[in-house]
Each structure stands twice: as structure tokens, then as C-alpha cells.
Amino acid sequence: MPGFFSVQTSVYQGLIQTFRHTLPIDDSIEPVSLCEGGTPLIPLPNLSRELGLELYAKFEGLNPTGSFKDRGMTLAVTMAKAQGIKAVICASTGNTSASAAAYAARASLACVVLIPEGKIAFGKLSQAIIHGARVLQIAGNFDHGMQLVKQLSTSLPLALVNSVNPYRLQGQKTIAFEVFSQLGRAPDYHALPVGNAANISAHWMGYCELAGEMRHYPSAIEAVYAKHPVKVEKQSDKRPVMLGYQAEGAAPLVLGHPVENPETIATAIRIGKPQSTEYALASARESGGWFRALSDRQLLKAQQLLAAKDGVFCEPASAISLAGVIEDLQDGRITTGSTLVLTLTGNGIKDPDTVTKYQLDESSLQQVEADYDAIGKLIGAVI
Ligand code: F0G
């Protein structure tokens, strides 16, 4: 019916096709894509008013597998396939495994994931299973898993798709490109949760490239650029201050040393020995930013605020950025009136158990007879 609705004339083809000129991969390489990226930058008007900020959520929970991992995974799996590797491996607190499993399935590659037993959200575990990965639960944490997959991928023909794979950061840097184009400028601050510490490094890499500067943090990335040089063009004079938030029981970057037994409700960031520590520290230092630790109680409160005040449901780890911003505002470290972007790294629907376990009170779920008057009385108390 012509004119009834506007017809989309160009179909979005995913991150590699959109940002190919900024990525160190040959034009001849066919992307393994699930149309990741292109996530919305959602204004948060109610929280903005309350906090005295211009606050936005870059909602990465709207990627195909529900987290930002898809941005790096499209590149890592594309390159593994292009190099003729038949299987990928990763250690994961949940989201990486879900993403690796989905992209490996798409590329017809085998996928092995190592997860800490009993410590990953159920939604993420079901994703890895349904996509056909071989899921191995280890009696250890993410850091133990990471050590094992690094060893296994050197001795066996497996592509390691954790964020130590240089292509992962290349994909994740595109968050900065999208924020810049959605906002029309770089924000004053950009806040995000920090676990294995790659995402903050990737964000900073993206903002630096927008400012016309290359960042060559991991030596592996230099090798990738050397094989396929990428030209950067200065588009922005400004770069944001980078704010990295960690859970109190898993805060090696705040403490300045590794944590042997990391613990937090936010299982996604239950990490004590981040692989990208050096690059994350450089990102905070170069941008004038900092790290801060928040309690589980504070991050659960922030998760509830985002959902109840502005309608965005992210997973517990993602909400830590709002918890940190609230504290830093109170301490006067963040200037009121500033523009601030929170990367909400994962979708709340992945981890419903944490909500029913910790966010429930007697008014949010009530037993009532199937009776008009009884229900009418309860509604009367609400409206
Ligand atoms: N937020 C979520 C939802 C995550 O899943 C992760 C990491 C992070 C934040 C932290 O990002 O590691 O780059 O600092 N999850 C990894 C995983 C470790 O295995 O899914 P980072």
C-alpha cells in the first residue's frame, strides 16, 4: 500500500559493512554477521531531571544476543573463518559464551566455552546451549577459565575469541563512533562497567580515532594494523572523560592489585585478574577519568532506578555505571549539567533470577483471589 508507511530502502547489514573503512580487515572478507550494532542511544529524561545531567543510555542489550559482545564477536568469528580455523574457544562469565556460540553457529564452526560452575545467569547459559556450543563448567572462576583457554588455544587448532583477540576490541570501538554520530558530538563523560577491562579500552580507542589519533595498546593490535593499515580522520576535538566502575568484591583496578576470589551478585563482572588492565588504566589516565567500586546493594538500586524511572531494563553488571555516576555526582567529581553516556552492556532479560531474588517486595507480587471486589480494592490503593 504505497504511502501507508515509509518503506525502508536500505537494509542495515551489520557492523562490519557499516564500519569497514575503520576496521583492519580486507574488503574481500565475507562478514559473519547477525546485524549487530546500530543500538539506540536512549535519552533518560526522568533520571536526567533528578540528577541534573543530560543522561543517555547506549543500550547494548539490544544487540542480537543481548550484549555488547556481538560487536567484537562478528569480527573475531569472521577472521577465524577467513583463516580456515574450524573451532572457537572462550572463557566466559556468560555473555561472551552466548555471543561466541551464536556467531560460531552462524559460521558453521564448532564452539567450546568454559564457564564458572553455578555463577552465570541462566539466560546466558541457555543461549550457549541452544546455539549448540560445547559448554564446560569448571570448578573455578573466570580467571581460571581464562588461563586454561589461553593455554588450550596455543596448543590446539582453536581460535581464542575472548577480548585478548585483537579483533574483539576493533569491533567494540564502534560504540564510540555510534555515540558520536547519534549525539552529534562526544559526551563530557562516558561511564561503563569494568570486568576483564577490554570494553573501556575499546571505547577509548574509538574516541581517540575520532579525535584523529591511533591507539596501539595491545601488541597484537599493532600487528593487525601493520597487516592492514587503517586511516583515521579527525572528526572531533573533544574526547570524553572515561569512568570505569567495578563491584566492591571484584575491584582489582580500584585496589591496584589482582583479587584472588572475586565475588559479586553481578556475575558478568566477577573477575579478579583483568586481561586488559594496562590498557584500561591508560584509558582512564589519558582521558582524565577514574575507577570506583560500588556495593552490590548500590548496583541493584541503580538497576531498579533505570527500569522504574526511565523504562530501561539492563542486567545488574550494566547498572553499576549509574550507581557509580550517582556516587561521583554526590562527591562533586562529576559536574552537574554535563552530558553523560552510560553503556548499558547487557539486557536485563538475561538474568531474571536476580530480580526475583533481590528486587521483589510484597507490593510488587501479590496473591489475590480471582474476585472483582478483592481486585478492585487493591487497584484502589494504587490509582
Ligand atoms: N557488562 C557485561 C554485561 C559483561 O558481560 C561484561 C563482561 C562486562 C560488562 C565487562 O566488560 O570485560 O570488557 O570489562 N563479560 C565477559 C563475559 C567477561 O565473559 O561475558 P569487560
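Val113 stands opposite Val135 of strand S5 (134-138). S4 and S5 run parallel and are joined by 5 bridges. Two strands count as paired when DSSP finds at least two bridges between them. Strands (E, at least two residues) and helices (H or I, at least four) are DSSP runs, numbered from the N terminus. The model is predicted: local features need pLDDT of at least 70, side-chain atom pairs count only at pLDDT 80 or more, and totals for chains, interfaces and linings use all residues. Residues are numbered from 1 along each chain as its sequence is written.

S4 and S5 are part of an open sheet of 4 strands. The strand order is S5-S4-S3-S6, and the pairing is parallel. S5 and S6 are the edge strands, each pairing on one side only. In a regular strand the side chains alternate between the two faces of the sheet.

Strand S3 covers residues 87-91. Of its 5 residues, 4 are buried, so S3 is largely enclosed by the rest of the structure. A residue is buried if 20 or more other C-beta atoms lie within 10 Å of its own, exposed if 12 or fewer, and partly exposed in between; the C-beta atoms are placed from the backbone. Ala87 stands opposite Ala110 in S4. The chain passes from S3 through H4 to S4 in a right-handed β-α-β crossover. Right-handed here means that, with the strands pointing away from the viewer, the path from the first strand over the helix to the second runs clockwise. S3 is also joined to S6 (residues 159-160) by 2 bridges, again in parallel. There, Ile89 has Leu160 as its bridge partner.

The protein chain is assigned domain 1 (15-66 + 167-358) and domain 2 (69-164). These bounds come from an automatic or database domain assignment. The domain centres, taken over C-alpha atoms, are 21 Å apart. In domain 1, 39 residues are in contact with 34 residues of domain 2. Contact requires C-beta atoms, placed from the backbone, within 7 Å. On the domain 1 side, helix H1 (15-19), helix H7 (166-172) and helix H8 (174-183) each supply at least two residues. H7 gives the largest share, 6 residues. This side divides into 17 nonpolar, 15 polar and 7 charged residues. Ala, Val, Leu, Ile, Met, Phe, Trp, Tyr, Cys and Pro count as nonpolar, Asp, Glu, Lys and Arg as charged, and the others, Gly among them, as polar.

The ligand is surrounded by 22 residues. The closest are Gly195, Asn196, Asn199, Thr345 and Gly346. Helix H4 (95-107), helix H9 (198-210) and helix H14 (316-330) each give two or more residues to this shell. The shell has 13 polar, 7 nonpolar and 2 charged residues. Domain 1 and domain 2 both give residues to the shell, so the ligand lies between them.

Lys58 lies in strand S2 (residues 54-59). Lys58 is buried, with 26 other C-beta atoms within 10 Å. Leaving out residues up to four places away in sequence, Lys58 touches Thr39, Leu41, Ile175, Val179, Val341, Thr343 and Leu344. Pro43 is 15 residues from Lys58 in sequence, and their C-alpha atoms are 8.9 Å apart in space.

How values were computed:
Near = placed C-beta within 6 Å. Contact = placed C-beta atoms within 7 Å.
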